[in-house]
Each structure stands twice: as structure tokens, then as C-alpha cells.
Amino acid sequence: MKTPTDYLALPRKSTDDIMHVPGDKGALPILGDTVEFLTDYLGLVTRKHKLYGPIFRNNALLQRSVALLGPEANELVLKDSGKIFSSKKAWDPILDRLFPDGLMLRDFDEHRFHRRILQAAFKKDALQGYLDEMNPRMREGVAAFPKQVEFGFKDSIKSLLLDVAAQVFMGVKMGNEADAINKGFLHAMEASLAVVKLPIPGTTWQKGLNGRKTLKNFIEKHIEAKRATESSDFFSQFCHAKDEDGNTLSDEAVRDHTIFLLFAAHDTTTSTLCSIIYALAKNPEWQDILYQECQQIEGDNLGYDDLPKLEKAALVMKEALRMYPPVPAIPRRLIKETEIMGYTLPANTGIGISPLFTHYMEEWWTEPKKFDPERFSAERAEHKRHLYQWIPFGGGGHKCIGLNFAEMQVKLFMFHLLRNYTISVKPGYEMKYNAVPISFPTDGLPVTLTARK
Ligand code: HEM
């Protein structure tokens, strides 16, 4: 039987048997540190780290959990050599009704089985196909952005990426069907952040469930035809994907992975492009460097073989992901009692590691608050001091399967934008943003594009 807390986001409380771990109850009764967690996550974690060290108790979002900080902790949790950290149990409470059975919501052998099959859709030939599909749409999308007037970059890029996703993820050409898919998807995304999950018509939650239904119906309607032909979209690729042993995906698995992929790709890439555009607007010398780099490429399209030529663009992306990792914290749940950093933690303990905190640790980064893409250059390679100090894509078995696609899409956008326009913000402008649940500007990121002479 459901209890009232089942209708709240994150209803599942972790066990109380972690009171021996350093920490405190948080600032407020019941809410603990929820307010600071949502408004200044990095400040909160940095303060607690100073007080308690690399392992401490958290009390936020009606959950007690244990924070494990720093590259060693990241490695322990993400590598998970003992198979004790469940991704499914951590993500399910947030995502299982809207995006069930995606890769992140599967564990261990079952996860590995699905991931090996899905890998086929991220190989070179497939990526090349997606890039060819995306080129004209991205070019037209950038050309349609307002010029010479200030506009909110966040909403514009979100909507462009949504159009591209309808085509490249679901294989829908523009028109009514794409609009319905986009709307359904947006509603499902919004519902994933809903605090109250009551199935009442008109609420964010109910709209999200309806949104999922739209996506589900679309896939179920088209799956037979998709299996009969092949095209350059993830939906089609998943229909035909095989691992080395010839295993394939069931219709249900194709459906759930395709819908989950939309979720995993969309806000993360939108967030990354916002951070990049902000960083470039504040550091115009980097716009010139990238402009020169784009000029080496002939023609109006970015080809797959051109991607490695955009070396400096890759450095800028890495640095933006360091400073503003879209996924600032990665949750797991322990599946059995385990001793970690000198403390015995019971089964079911919620665990949180923090890419954002790690990316600002002075022990590992030179002047971490400074935008300095060259820190990732082959000569300096600061990020290689520890394999788990730069983890915007996570690591280990659940490391982002879409990272090459993400880099390709980001480069494609920058290519079409920077070869034609410069980006500026008002003098003295500083982006206001919230790091959790996903790093986003809270002011819409007002920018101005000006045509290059
Ligand atoms: C810059 C953009 C992106 C960032 C920063 C990002 C970040 C992440 C992170 C941190 C994880 C690991 C979560 C965990 O361990 O709990 C992850 C997993 C995942 N990402 Fe991404 N992602 C990005 C883009 C994409 C794109 C474009 C796609 C698809 C085309 C994608 C698909 C996935 C999937 C399916 C998983 C689950 C992998 C697994 O559990 O095996 N991501 N991503």
C-alpha cells in the first residue's frame, strides 16, 4: 500500500544507521540542508568537507546519505570492483515512472548485457550518419537565432536541440508529429523534477506521464517499419543493434532505451552549450582561436573526418565541463554492508559522489576558478594527475555512452555559430546559475550575436 510520502519526489529514506559517520542534521528541522543543497550545492559540500573531511553525512531532499569526496572516492564508487554500488536503486526513485529501464536504471550483468548491444549505435559509421543528418538542421537553426539583439540563449538552444533530437533520436521529420513528440518529451523531462507526484489532471506529474505515453505510442506504432529498414537515427540503430554474440534487443527494450536516451542527452548537452557560450562571451580571445580553427575546414558542413581538427574547441568543451559539470553529483545505493574509509555503512545507504566538488579541488587543479582550456592540452594535461579527477561523464561501467556523440554535436554547433558570428554579453555580466539537479543558468543567459565581417 502507498504511503503519503510515495507521492513526493525521493520518498525513500535511507537507513538511520549512519549516525556514526561525521556530519550534522543540517540547517532546518526535517528539511535539513535542502535549501542550501538546491541553491548553493558547491558551497554546501565545500563547507562540510572543511568541517568533516572526505566522508560525511548529508541530510537533504528528505534523504540521509553519505557524501564521498575526491578522486579516490570517485574511483572506488564508479569502478565498483566489488559490485556493491547500485545505480538502479539510486536513480529509480527519480526516474523509474517516466524513463523506466534505461541503461542507468539497470545494474551489473543485466546492465552489461544491454550496454554491449547498445554500443553498436555509437560506433563510427553510426555517428557519421547522425552527423550528416544534423548538419543542415544545425546550420539553419543557428541562422534563425536573433542577431544584433539580446536574447535568452538557454531557451533558443534547448528548442534547437529538441528539433534535432526528434530527427536524430526518434527519426521523425519536422511537422505535426515532431511537435507532439517534442511536447511529450518536454513534459516528461519537467515531471522528472516534480516534487509532488500526484496523478491529478493538469499537474506537472500527470502531464509527464501523458508525455511518456506519447513517446511510447510513437515508438510502438513505428517499430515494425523501423525493423524492416535502416536509417540514421538512434531508434533505427537500436532496432538493428547486435553485440558480438549476436544478441539483439526486444521491442520493449528498444522503446525504453530510445526514450531514456532522449532524456540522458538533452539537458546535459543544453547545459554544456550554455556554459561554453558563457565562457566564450567572457573570453573573446577564445572565440578568435576557435574561429581560426573553424576556418581550416572547407565547405559548409562539418564532416566526420574534420572533428579531430577542432582541437581547441575540444579543450574549451572540456574546461566548460570541468567548471560547470551538467551532472554535479552522482548517486548510488549500497547493496550490502561495507566498510568505506574506516566506517561501516549498512546495506541501502545512499551514496553521493561529486564531480563538481572534485573539479574545483586545489590539490588537483591549478587556479580552479580560472577559465583555462589549455590546462587540458597535451603539454599540461592537468586532468591526468588522477584518472578520476575530471568526471563530467562519470566513469566505470556506467560512464556516459553518449560522450562522443555529445562532443560531435557540441563541435557541430560551435562550427556553425563561430565561423559566422561573435558572441557578447553586457559589460560586467556574470551568469547566475543553479548547479543542481542539472547545471543551468537561472537568468536564461542573455547574449547577443553579431555577424563577423
Ligand atoms: C555533455 C553532455 C553529457 C554529459 C555531461 C553526460 C553525463 C553523463 C553522466 C555523468 C553519466 C553517468 C551517470 C551515472 O553514472 O549515474 C551519463 C550516463 C549516460 N549518458 Fe550521458 N552525458 C551527456 C550526453 C549524453 C548523450 C548525448 C547521450 C546519448 C546520445 C547520453 C547518454 C547516456 C546514457 C545512455 C547513460 C547511461 C550509461 C550507463 O548507465 O551505462 N549522454 N551521462
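Two residues are in contact if their C-beta atoms, placed from the backbone, lie within 7 Å. Helices (H or I, at least four residues) and strands (E, at least two) are DSSP runs, numbered from the N terminus. The model is predicted: local features need pLDDT of at least 70, side-chain atom pairs count only at pLDDT 80 or more, and totals for chains, interfaces and linings use all residues. Residue numbers start from 1 along each chain as its sequence is written.

**View 1. Helix H2 has a buried side and an opposite face with exposed residues.** Helix H2 covers residues 41-52. Its 12 residues should span 16 Å at 1.5 Å a residue, and the end C-alpha atoms are 16 Å apart, which agrees. The expected span is 1.5 Å times one less than the number of residues. Tyr41, Leu44, Val45 and Lys48 of H2 are buried. A residue is buried if 20 or more other C-beta atoms lie within 10 Å of its own, exposed if 12 or fewer, and partly exposed in between; C-beta atoms are placed from the backbone. The four buried residues cover an arc of only 90° around the axis, so they sit on the same side of H2. The arc is that of the directions from the helix axis to the C-beta atoms. The face turned away from the buried side carries exposed Gly43 and Lys50. Cover for the buried residues of H2 includes helix H1 (34-39), strand S1 (55-60), strand S2 (63-68) and helix H14 (355-359). Just after H2, Gly53 takes a positive phi of about 95°.

**View 2. Five strands form an open sheet.** Their order is S1-S2-S8-S5-S3, with mixed pairing. Two strands pair if DSSP finds at least two bridges between them. S1 and strand S3 (85-86) are the edge strands, and each pairs on one side only. S3 pairs with strand S5 (residues 330-334) in the antiparallel sense over 2 bridges. Here Phe85 has Leu334 of S5 as its bridge partner.

**View 3. Strand S12 pairs with S4 and with S9.** Strand S4 (residues 150-152) and strand S12 (residues 446-451) run antiparallel, joined by 3 bridges. Phe151 has Val447 of S12 as its bridge partner. Strand S9 (residues 421-424) is also antiparallel to S12, over 4 bridges. Thr422 stands opposite Thr450 in S12.

**View 4. Helix H12 buries one face.** Trp286, Gln287, Leu290 and Cys294 of H12 are buried. They fall within an arc of 105° seen down the axis, so they line one face of the helix. On the other side, Glu285, Asp288, Gln292 and Gln295 are exposed. The buried residues of H12 pack against H11, helix H13 (311-323), H15 and S9. Asn301 lies in the loop between H12 and H13. Asn301 is partly exposed, with 17 other C-beta atoms within 10 Å.
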